[in-house]
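Subject: Structure for you to look at

Hello,

Here is the structure I said I would pass on. Please open it before reading the rest.

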Amino acid sequence: MEKKLIVSPSPHIHGAMTTRRLMKDVVIALIPALIVATIVYGTSALIVTGVSVAACVAFEYLIQRFMLKGPVTIGDYSAVVTGLLLGFNLPSSLPIWIVLIGALVAVGVGKMSFGGLGRNPFNPALVGRVFLLISFPAQMTSYVTPSGVDSLSGASIPVEISAEMSVDAVSGPTLLGYVKEALAGGQTTADLTDRLNSYGDMLLGFRSGSLGEIAALALLLGGIYLLCRRVITWHIPVAVLGSMAVFSGILWVADPLHYM
């Protein structure tokens, strides 16, 4: 019996940091990206993100209170983080009713159906995004860029957020989508560099995309905050970014005309 193997669900290592404190730090780290998205897309970014957060919290409460009939844990901020991450994976022009569906799938299927926080094998927000992308591909890929910013496509459209509100915007592909189409059409990286104007635009967020993907600098600031708070360590981010840089460099050396 002394060598008995005990198998139990995570977490296996306990520390002084509570789930509530960790999740609050993640929320704080995401605020810069939300600010940039609001500057770029206007109030529609706040509406989509706010609805996503409120819906995730509400659905988690209702499921725990009336379906599982167990303790309610919305006070640990994990549902807020799920709502923020889901909102950051959505276009600013997405109708509110689709955001609500995504929140229900993220929390109800991606999180609570597996037992809640710490037991879900997939990120709940990404489960919600994948479901919406499969179910509503047109709406999920209708990215917009504010007027006055080169959209890479130049087609003007009104973006309806609700019956009372609209945003002055133009349609446009994401950077990766544009690069894929351009390279398939025979353009070189030199052509793309001229067309994309500057890497500063890509770093600061003045391009088409989902709410959370347009501001690389804001996300880096959030990552630095999490490093300073010791919520994360440098090993995984450096390994991911370093690997990407190495393989991108290899492809550029092999074919500089088609790889930036």
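Below are some notes on its salt bridges and on some of its helices.

This is a predicted model, in which local features need pLDDT of at least 70 and side-chain atom pairs count only at pLDDT 80 or more, while totals for chains, interfaces and linings use all residues. Residues are numbered from 1 along each chain as its sequence is written, and side-chain values use heavy atoms, leaving out hydrogens and water.

Salt bridges (a side-chain nitrogen of Lys or Arg within 4 Å of a carboxyl oxygen of Asp or Glu): a search of the whole structure gives two. In one, D25 and R229 meet with N and O 3.1 Å apart. D25 is buried at 3% relative accessible area, and R229 is partly exposed at 33%. Buried means under 20%, exposed over 50%, and partly exposed in between, with a 1.4 Å probe and protein chains only.

K111 pairs with E60 in a salt bridge, their closest N and O atoms being 2.8 Å apart. K111 is in the loop between α4 and α5, and E60 is in helix α2, 51 residues apart. Both K111 and E60 are buried.

The buried residues of α2 also include S44, V48 and I63. This helix covers residues 43-67, and K69, which follows α2, has a positive phi, near 50°.

Regards

Conventions
Helices (H or I, at least four residues) and strands (E, at least two) are DSSP runs, numbered from the N terminus. The expected span of a helix is 1.5 Å times one less than its number of residues.
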